[in-house]
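The exercises below are meant to be worked with the sequence and the coordinates open side by side. Each one sets a task and then goes through its solution step by step.

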Amino acid sequence: MNEFNHERPLIMHIDLNSCFASVEQQARPMLRGRPVAIVNRRTDTTALVTASYEAKAMGVKVGMKLREAKILCPDIIGIESDPAKYRFVYHKLLDIMRDYSAHVTMKSIDEGVIDFHDSTAAIAGRDLADIGYEIKQRLKDEIGVWMRCNVGISTNRFLAKTAAGLHKPDGLDVITPENIQDVLGSLKLTDLTGIAGRNEKRLNSVGIFTPLQFLAADSVTLHKMVFASVVGDWWYKRLRGWEVDDVATDIKRVGRQYVLERFGLSYDQILQRLHHLCESVGSRMRGQHKAARGIYVYAKTLDRQYWHASHMSQLPFCHDQTIYLQAQQLFRDAPTRLREIGIHCYELQDDMDSQLSLFNDQIVRERQVTSAIDDINAQFGERTIHSADTLNTGTYVKQKIPFGSTRYL
Amino acid sequence: MNDETFLNERVDVVAVFGEGLNPCRPIKFRRPSGREITITEIGLRHPNVQGKRMVHVFDVTDGGADYRLEFDSERLTWHLKMEADHYEK
């Protein structure tokens, strides 16, 4: 298969521009046209989650510390993230996209893919670029005038996403076999999704320094010399417009992390925050009807040291107290002078009653109590009932924007 | 940094319930001080579920400041939760 895919481009990638900053500028008209940064906490040392285009034009980049951003852009306005607002926009975008096809996949809170294969005759008969412009207009009509999105259209997800990144903000591009050489010729290797760091070095090692050289490489070179696996074949197909990324990803782990609100917290105070994270992880895991067998706890110190410990159980678990008891046990060996803690549960499996021994009263009782607590929290709001140990931690350990996964939206 | 004032003021609101994508549109509100604010634009309206209680959040402006109004659909009350009327230069 060394030919380009010549079928009609039927994959559309939609990406909201500087999503959280745009939503804040939409919600608060006084912020429009001003440099805005979205942060998770109002401190100078916090990293930027998103920056508005006005801030980006001044050199501000996502991931930069607010303090650094203020040097580049003294007028920058730091806004604390508001997940409920972004969740609403996510659902509006999803509703709009679903009006055009039953096959919609959200890749994250601010981007999604519409697959127009198998769409109705009325939709299939339309030019996809027209539908793209219509979606842009509907975003403005149904959410607000400040909302903009990039639209990319091609024959596979990879090229559609690449097309969506060509003209930010508010672009609409189509990649076809006819223009792919021109498009790739205008990009750097690291502009391609999935090519960064290690993959770039791998390609460089065989003399591939540009996307066009990448495209010209044969499949044997990519398979045997560059990626040393089937990944090379995938890249060969991906660059020619064949679909290799339409795969459902299974949930592998559930976790949370927390950067301590101040340094010098006592060991007990840090344990309380760990307890809070355990309750949050337990709730998310049960919400997905999963139980875990593995638990992993980590910490980062002020000296940038990384510590971790893990444990694998024979029986699956999903209850807050079970998670916390194990995490607490592991955390005994944690270093001092911490700046960040985190926990995740892995080796997930479907949580089924049958996995529990009917004769183990304690497990059954624990399950009933947890189920009752989950029901109450669902009815009256998150953390209506929680451990007394975490009574004061809610002020600090807040729910933040889930990046990369739309499972909890 | 953004200069926001977080409040919890019970306010009187004049709102229009009509048709379209945004059927509820607050027009103006009166703060406990007696000051009346006329809304010139609703930036965004989004629901915020608090357990089984639904609170509708309206981010609005009068052209001089941004405000956050919350309408509790169970208690049928309006509260002013935030005012941002000054951004440091």
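**Exercise 1. Describe the hairpin that β3(B) and β4(B) form, and find the glycine with a positive phi in its turn.**

Solution. The model is a predicted one, in which local features need pLDDT of at least 70 and side-chain atom pairs count only at pLDDT 80 or more, while totals for chains, interfaces and linings use all residues. Residues are numbered from 1 along each chain as its sequence is written, and chains are lettered from A and ligands numbered from 1 in the order in which they are written.

Next, take the pairing, for which DSSP must find at least two bridges between two strands. β3(B) and β4(B) pair in the antiparallel sense over 3 bridges, and B:Phe29 has B:Ile37 of β4(B) as its bridge partner.

**Exercise 2. Follow the pairing from β3(B) to β2(B), and then give the order of the strands in the sheet.**

Solution. Begin with β2(B) and β3(B), the latter covering residues 24-30, which pair in the antiparallel sense over 6 bridges. Within β3(B), B:Lys28 is the bridge partner of B:Val14, and B:Arg25 is that of B:Val16. The hairpin of these two strands has 6 residues between them, and B:Gly20 takes a positive phi near 90° there.

Putting the strands together gives an open, antiparallel sheet of 3 strands in the order β2-β3-β4 of chain B. Its edge strands, each pairing on one side only, are β2 (12-17) and β4 (36-38) of chain B.

**Exercise 3. Which strand of chain B gives the most residues to the side that touches chain A?**

Solution. First count the contacts, where two residues qualify if their C-beta atoms, placed from the backbone, lie within 7 Å: 19 residues of chain B are in contact with 19 residues of chain A. On chain B, β5 (41-50), β6 (53-61) and β8 (77-87) each supply at least two residues of the touching side, and β5(B) gives the most, with 7 residues.

**Exercise 4. Identify the residues through which α11(A) and α12(A) touch.**

Solution. The residues in contact are A:Ser219, A:Leu222, A:His223 and A:Val226 from α11(A), and A:Gly232, A:Asp233, A:Trp235 and A:Tyr236 from α12(A).

Methods. Helices (H or I, at least four residues) and strands (E, at least two) are DSSP runs, numbered from the N terminus.
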